[in-house]
Amino acid sequence: SNVLPGEGVDTDYPVMRLAIDIVLGVLCGLAGGTWVRCHSYTAGVLKRWRLREAPLPQVAAWSSDRHGAAGAPITAEMDQ
C-alpha cells in the first residue's frame, strides 16, 4: 500500500465502521431490488391498462403446511 503515516481515516473502532458499511450495503441492495420489482410490476400493470387487456388471473396459493403434501394448492375443501 502507498498510504503513509498520518494519511487515511483514523478511527478508534475499525470493526464497527466495517459493520456499519456492511449493513448500509445490505440495506441499499435490498432497497434497490425492491425498487426494481415494484417498477417492473407497475410498468406491467400500466402497459396492460394502456392496451386495455384483461387483468392477469389470480394465482392459487401454494402451501406446504398441514393441509397436504408439499406444493399442494390450497382449496376450499381442504380448509374445512
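1. Which backbone nitrogen lies 3.0 Å from a polar atom of the side chain of Glu7? The backbone nitrogen of Leu4 does, a polar contact (a pair of N or O atoms within 3.5 Å; within protein, one must be able to donate a hydrogen and the other to accept it, and residues adjacent in sequence count only if both atoms are side-chain atoms). Glu7 sits in the segment before α1 and is partly exposed at 42% relative accessibility.

2. A quick word on the ground rules. This is a predicted model, where local features need pLDDT of at least 70 and side-chain atom pairs count only at pLDDT 80 or more, while totals for chains, interfaces and linings use all residues. Residues are numbered from 1 along each chain as its sequence is written, and side-chain values use heavy atoms, with hydrogens and water left out.

3. Helices (H or I, at least four residues) and strands (E, at least two) are DSSP runs, numbered from the N terminus.

4. As for burial, 2% of the 80 residues count as buried. Buried means under 20% relative accessible area, exposed over 50%, and partly exposed in between (1.4 Å probe, protein chains only). The chain exposes about 7,600 Å², with carbon and sulfur atoms supplying 64% of it; these areas come from the Shrake-Rupley method with a 1.4 Å probe, and for residues only the protein chains shown count as cover.

5. Now to the helix and its annotation. UniProt, in an unreviewed entry, places a "transmembrane region" at residues 15-38; its positions are given in the numbering used here, feature names are shortened, and annotations may be inferred rather than shown by experiment. In the model that span is 100% helix and 0% strand, and its end C-alpha atoms lie 35 Å apart.

6. The count comes to one salt bridge, meaning a side-chain nitrogen of Lys or Arg within 4 Å of a carboxyl oxygen of Asp or Glu. Asp21 and Arg17 make it, at 3.8 Å from N to O. They are four residues apart in helix α1 (residues 14-51), so about one helical turn separates them. Asp21 is partly exposed at 42%, and Arg17 is partly exposed at 46%.

7. There is also a nonpolar surface patch: Tyr13, Met16, Ile20, Val23, Leu24 and Leu27, with about 630 Å² of accessible area together. Patches take residues with over 30% relative accessible area and no salt bridge, joining like charges within 9 Å and nonpolar side chains (Val, Leu, Ile, Met, Phe, Trp, Tyr) within 5 Å. Leu27 belongs to helix α1.

8. Disulfides (cysteine sulfur pairs within 2.5 Å) come to zero. Cys28 is exposed at 57% relative accessibility, and Cys38 is partly exposed at 44%.
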